[in-house]
Amino acid sequence: MSSVITLLFAPLFLLLIHYFEFKLIVLIFILFSFILLTYAIVKKKKFEDFIILGIYLVLLTISYVYASLSTVKFIPVFTSMAFFTLFAQAALQKKELIYQLTQKFYKKKLSVQEVNYLKSGDLYWALSIFIYMLIQIGLVFYASDAIWAIYSSLGWYIYFLVILGMQIMYGKFYAIKVSS
């Protein structure tokens, strides 16, 4: 649910702002976020959905009060901060979040070397998300609204796939062979 919101949010917001009043659009997004948050609570959705919807609600409310597009543009930044915090905490506390996520989606039995490699992946993802967050901050201050919208909706998927591909290739061609 949260990935659909992040994909559609920026371009839809910029499109609507050309046809409707800013506060009306923000109010509609607030109501939509509130409905989705209520649905997530009732259906006991993933924790990630609560974080993202909560960030959207808080920043959209601030945007409504101050009638500020700049505040709206910070929503992806704060979402990135939440994920950075999640992965940084996992890395510091050795929670092996990447390994746990891999177990959920990849049913094939992993070798001991693959398991060890995945268990050390949280720091890589924390740093990758931190870099993404810095890019987002740069876009908020220095990019046009159109570039911000494109990167905030599609660009982060491309970034994510590149970072994931780099981790997989590094693991397959170097890290797992070194540890065996």
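The dialogue below asks how the labels given to this predicted model follow from its computed values.

Visitor: What are the ground rules for the numbering and the values?

Guide: Residues are numbered from 1 along each chain as its sequence is written, and side-chain values use heavy atoms, with hydrogens and water left out. This is a predicted model, where local features need pLDDT of at least 70 and side-chain atom pairs count only at pLDDT 80 or more, while totals for chains, interfaces and linings use all residues.

Visitor: How many helices and strands are there in the protein?

Guide: The protein has 9 helices and 0 strands. Helices (H or I, at least four residues) and strands (E, at least two) are DSSP runs, numbered from the N terminus. Along the sequence the pattern reads α-α-α-α-α-α-α-α-α. The C-alpha trace spans about 60 × 40 × 25 Å along its principal axes.

Visitor: Why is Ala149 called buried?

Guide: Buried means under 20% relative accessible area, exposed over 50%, and partly exposed in between (1.4 Å probe, protein chains only). Ala149 has 5% relative accessibility, so it counts as buried. Ala149 lies in helix 9. Leaving aside neighbours within four places in sequence, Ala149 is in contact (heavy atoms within 4.5 Å) with Ala10, Pro11 and Leu14. Between Ala149 and Lys172, 23 residues apart in sequence, the C-alpha to C-alpha distance is 34 Å.

Visitor: What makes His18 count as exposed?

Guide: His18 has 66% relative accessibility and therefore counts as exposed. His18 sits in the loop between helix 1 and helix 2. Its C-alpha atom is separated by 16 Å from that of Ile147, 129 residues apart along the chain.

Visitor: Which label does Gln113 get, and on what value?

Guide: Gln113 has a relative accessible area of 25%, so it is partly exposed. Gln113 belongs to helix 7. Gln113 and Ser33 are 80 residues apart in sequence and 42 Å apart in space, C-alpha to C-alpha.

Visitor: What is to be said of phi at Lys94?

Guide: Phi of Lys94 is near 55°, a positive value in a residue other than glycine. Lys94 is in the loop between helix 5 and helix 6, and with 67% relative accessibility it counts as exposed. Glu96 is in the loop between helix 5 and helix 6, and phi of Glu96 is near 55°, a positive value in a residue other than glycine. Glu96, however, has a relative accessible area of 26% and is therefore partly exposed.

Visitor: Why are helix 5 and helix 6 described as roughly perpendicular?

Guide: Axes are lines fitted to C-alpha atoms, for helices over the stretch in contact, and angles run from 0 to 180 degrees between N-to-C directions. Angles under 35 degrees count as roughly parallel, over 145 as roughly antiparallel, 65 to 115 as roughly perpendicular and the rest as oblique. The axes of helix 5 and helix 6 come within 9 Å and cross at roughly 105°, and the two helices are therefore roughly perpendicular to each other. Leu86, Phe87 and Ala90 of helix 5 make the contact with Leu97, Ile98 and Leu101 of helix 6.

Visitor: Which classes of residue make up that contact?

Guide: Ala, Val, Leu, Ile, Met, Phe, Trp, Tyr, Cys and Pro count as nonpolar, Asp, Glu, Lys and Arg as charged, and the others, Gly among them, as polar. The contact of helix 5 with helix 6 has 6 nonpolar, no polar and no charged residues.

Visitor: What makes helix 6 and helix 7 oblique?

Guide: The axes of helix 6 (residues 97-105) and helix 7 (residues 112-119) come within 6 Å and cross at roughly 125°. The pair is therefore oblique. Ile98, Tyr99 and Thr102 in helix 6 meet Val115, Leu118 and Lys119 in helix 7. By class, this contact has 4 nonpolar, 1 polar and 1 charged residues.

Visitor: Which residues touch the most other members of the largest nonpolar core?

Guide: A nonpolar core is a set of buried Ala, Val, Leu, Ile, Met, Phe, Trp, Tyr and Cys residues joined through side-chain atoms within 4.5 Å. Of the 44 residues in the largest one, Phe9, Phe13, Leu60, Val72, Ile75, Phe87 and Trp148 touch the most other members. Helix 2 gives the largest share of this core, 8 residues. Not counting residues up to four places away in sequence, Phe87 touches Leu97, Ile98, Leu101, Asp122, Trp125, Ala126 and Ile129.
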